[in-house]
Amino acid sequence: MTSTELVPVPGRTPLLRRRRAEPDVRTRSGERISASAARKLIDAVPQHTRDSRDTRWRSYSLWCATYQWAEDEPNAVLSYLSDLGDRGHPSKTLEAHLGTLRALRAVQKAPLSPAEIKACRLVIRHRAGEEADDPQVEPGPLQADAVDLDELRQMVRTADRTTRRGKQVAVTLLLDWWMAGRASEPARLNLHDVKVTTVKVEDAAGRTVTRQALVIKIRRSKADQNARGQEVRILAQDDREICPVHAVREWLDILTDDGQLTPGPFLRRIDRHGNIGAKAAGRHTKDPRRRGGITADTVNDIVKAAARAAELTPTPTLEELATAAKARQDAYAAAEAAPTAEEANEVLKAWRTARRAARAAVRRITGHSMRCGWIQTALDAGNPPEVVALHSRHSLRSAGFDAYRKKKVPWHQNPTLSLSLAA
């Protein structure tokens with residue numbers, strides 16, 4: 001049966017055959033599916049995830065071609081991961097590559113054997129041990145530093161809130177921090193997803209008082225790919241400078257004055273001339289439904305720029321950037337000229353170790369700094385972990401949430417305090 005034929009239903013007159021506008025496609029395993037189904041399967045996976053998978057598979061394919069391995073050959077993935085470790089890639093990178101290659105090999109009907117998977121994990125464990133024993137760098141992945149409440153205030157103060165652009169920056173920073181958001185979450189909000197309301201709460205004296213609050217609907221996120229939807233509730237703060245409710249009201253006033261209190265993205269683009277949304281100059285999103293909205297990259301850029309403006313992170317000079325670029329170029333040139341693969345790997349490993357040490361020596365603030373900053377601030381304030389996890393959309397059993405928690409004994413509870421051994 002071709003894709004243009006319809007299966008006749010008994011007792012009914014067969015419908016006329018219609019030609020599809022798009023031809024059927026073949027999967028990696030050679031099976032046929034409709035173009036519509038293929039497109040939905042692709043779009044169901046976030047773009048950055050698809051890009052990462054493609055990059056890892058290209059790297060593996062190039063390695064196989066260089067060292068004359070077949071992509072579906074037994075132990076090819078094992079040897080590739082070992083080579084990555086020899087070049088100085090951290091164990092977390094090896095884990096990511098194993099996950100991608102294992103999945104794609106299975107799709108291509110050349111799955112890794114249980115013995116090979118076990119061997120790959122042993123190679124990854126060996127690399128993790130090397131990292132732990134390396135005196136030149138701190139082990140573990142390079143993570144974004146948390147932004148606490150005082151640092152959030154400093155970042156917000158870098159925005160000129162008398163301007164449209166300044167109010168956009170302020171509402172982005174404050175929403176992202178108070179909702180413990182991933183960079184994609186505030187960027188994906190629609191106008192009807194952010195509601196200002198009034199609620200009743202008890203104050204410190206036990207009296208019932210009314211306070212303004214935000215009710216934010218997160219329709220889909222990294223941890224909610226099935227789009228069941230999650231709700232985040234945020235109370236107004238007494239300090240208007242860092243109050244997300246006040247920032248949202250300011251932003252809504254901007255949209256109202258510009259005649260843009262219309263369905264669409266909540267956070268909208270602003271160009272240097274003050275034009276908002278679809279009227280702003282520059283490259284717009286590919287999705288016509290979100291034309292004029294900002295992206296996760298925009299949120300990340302706003303956070304980084306505010307951190308540099310507040311002098312929380314250094315701004316690399318042109319000389320530093322040129323030096324880093326030359327070091328990379330020299331390392332790859334030396335590796336290319338090395339007589340053996342082992343010597344080339346040693347050159348690249350030395351360069352990666354030095355680069356990693358340099359990056360670890362300075363603070364790193366990205367869009368994710370807002371999420372871990374709120375979580376750590378809320379935990380330090382004595383909030384129960386289950387309440388904090390509910391607000392940040394985590395499972396208490398989540399390894400991700402566990403990584404945010406500071407597993408350190410507070411100084412006032414430190415067991416050495418009562419030993420009276422201080423000099």
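Start by selecting Asp 176, which is buried but forms no salt bridge; the nearest oppositely charged side chain, that of Arg 393, lies 7.3 Å away. The model on screen is predicted, and the stops below follow from this pair.

**Around Asp 176**

Asp 176 belongs to helix 7, residues 164-178. Show its contacts next. Beyond its neighbours within four places in sequence, Asp 176 is in contact with Gly 181, Arg 182, Pro 186, Val 299, Val 303, Gly 367 and Met 370.

**Arg 393**

Now move to Arg 393, in the loop that connects helix 14 (385-391) with helix 15 (399-404). Arg 393 is buried because its relative accessible area is 7%, under the 20% cut-off. Check the backbone here as well: phi of Arg 393 is positive, about 65°, although the residue is not a glycine.

**Glu 311**

Glu 311 has a phi of about 60° and is not a glycine either. Is Glu 311 buried or exposed? With a relative accessible area of 72%, Glu 311 is exposed.

**The second largest pocket**

Colour the lining by class to see 11 nonpolar, 4 polar and 7 charged residues.

**Ile 254**

Leaving out residues up to four places away in sequence, Ile 254 touches Arg 164, Lys 167 and Ile 276. For a distance to display, take the C-alpha atoms of Ile 254 and Gln 168: they are separated by 9.1 Å, while the two residues are 86 apart along the chain.

**Zooming out**

Finish with the whole protein in view. There are 15 helices and 5 strands. The C-alpha trace spans about 90 × 70 × 45 Å along its principal axes. Of the 423 residues, 36% are buried. Among contacts between residues at least 6 apart in sequence, 57% join residues at least 24 apart.

Methods: Residues are numbered from 1 along each chain as its sequence is written. This is a predicted model: local features need pLDDT of at least 70, side-chain atom pairs count only at pLDDT 80 or more; totals for chains, interfaces and linings use all residues. Side-chain values use heavy atoms; hydrogens and water are left out. Ala, Val, Leu, Ile, Met, Phe, Trp, Tyr, Cys and Pro count as nonpolar, Asp, Glu, Lys and Arg as charged, and the others, Gly among them, as polar. Helices (H or I, at least four residues) and strands (E, at least two) are DSSP runs, numbered from the N terminus. Buried means under 20% relative accessible area, exposed over 50%, partly exposed in between (1.4 Å probe, protein chains only). Lys and Arg count as positive and Asp and Glu as negative; His and the chain ends are not counted. A salt bridge is a side-chain nitrogen of Lys or Arg within 4 Å of a carboxyl oxygen of Asp or Glu. Contact means heavy atoms within 4.5 Å.
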